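Please consult the sequence and structure shown here.

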Amino acid sequence: VLSRLPIELSARLARVAALVPVQARLVDVGTDHALLPIHLVQTGRVRYAIASDIRSGPTAAARQNVARYGIGNRIEVRQGPGLSTIRPGEVDTIVIAGMGGQLAAEILSASPTVVSKARTVIVQPMSGAACVRQYLLEHEWRITHESVVSDDGYHYMVVQAIPGLGTDPAYAAFRDTAAAMACALEFGPYLLTTPTQSWLAYVDDRVRRWQRARSGMAQSEREDAVVRRRELDERLRWLAEWMQRLNIMARDVQDGGVSHDEQY
Ligand SMILES: C[S@@+](CC[C@H](N)C(=O)[O-])C[C@H]1O[C@@H](n2cnc3c(N)ncnc32)[C@H](O)[C@@H]1O
């Protein structure tokens, strides 16, 4: 039975979908059940979509879904690692959502000829957001949107970027120390200056992880542990100072009678 109602997306995937340019030629890497590309084709937002995944289970599920919704003429399911399934110029928009940031950056690095033909990249890393921003910065992609979306008690980073405008100027304010740069890469150079409620919750989660990692290595005298401990201490200290400044700014803004709403 053909189903005509658009697939409903979670808040996380809905945020990603909202960042896909209208009329895009899209690849969704690590598509799993192809929910995102099916939704984007159903709503007419994209011209066509390629739903790509490394595993046979997900691609089989994706094919079934595509058939169920009767949109096989505008969506194609392909199996293979990363962007290896795509010919250069075939897509102008790349989505990589729901996997680690390090893997996402590796996937982009592995297919420079496909990536160089893209006009928009959207990444939603489950961890290691710093790896994604590091890749974007090194390859001169500029962040055009970054936000955190809260969904079911979790807080997800979403980053959209475009190429060809030179080095992202947003990092200029964070180049003084390694700790400042590490925090800008992890938490976002724009979000650090325009925080939202969801972003604050995301930062809280990460700080707790860093603190746990820090106390886990509290005793070790091994050289790498000593270096890592100092690194974490410096980041935590930098972040605490930054947050204090934000609090002071927020108080000033509130005193002025301006409210801070979520960007989304
Ligand atoms: C957790 S699911 C995310 C599904 C969907 N993108 C989302 O955000 O809800 C991760 C998917 O990535 C796929 N995957 C993992 N490594 C991959 C790679 N190197 N290339 C392509 N797909 C990969 C897995 O098979 C899995 O289906």
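The sections below describe the basis of the model, the ligand site and the aromatic pairs.

## Basis of the model

The model is predicted: local features need pLDDT of at least 70 and side-chain atom pairs pLDDT 80 or more, while totals for chains, interfaces and linings use all residues. Residues are numbered from 1 along each chain as its sequence is written, and side-chain values use heavy atoms, with hydrogens and water left out.

## Ligand shell

The ligand is surrounded by 17 residues, the closest being R12, G30, D53, G82 and A97; a residue counts as near if one of its heavy atoms lies within 4 Å. By class, the shell comprises nine nonpolar, four polar (Gly among them in this scheme) and four charged (Asp, Glu, Lys and Arg) residues.

At least two shell residues come from each of α1 (11-18), β4 (93-99) and α4 (101-110). The most are given by β4, with three residues. Helices (at least four residues) and strands (at least two) are DSSP runs.

## Polar contacts and burial

Polar contacts are pairs of N or O atoms within 3.5 Å. A backbone N or O atom of A97 is 3.0 Å from a ligand nitrogen atom, and a polar backbone atom of I54 is 3.3 Å from a nitrogen atom of the ligand. A polar side-chain atom of R55 lies 3.3 Å from a ligand oxygen atom. Taken alone, the ligand exposes 610 Å², of which the protein buries 79% (Shrake-Rupley method, 1.4 Å probe).

## Aromatic pairs

There are six aromatic pairs, with ring centres within 6.5 Å. In one of them, F174 and W238 have ring centres 6.1 Å apart and planes at 70°, so the pair is edge-to-face (over 60 degrees). F174 lies in the loop between β7 (154-163) and α7 (178-187) and W238 in helix α9 (residues 223-255), so the pair ties together parts 64 residues apart in sequence.

Key
A polar contact is a pair of N or O atoms within 3.5 Å; within protein, one must be able to donate a hydrogen and the other to accept it, and residues adjacent in sequence count only if both atoms are side-chain atoms. Rings of Phe, Tyr and Trp (its six-membered ring) pair if their centres lie within 6.5 Å; planes under 30 degrees apart count as stacked, over 60 as edge-to-face and the rest as tilted.
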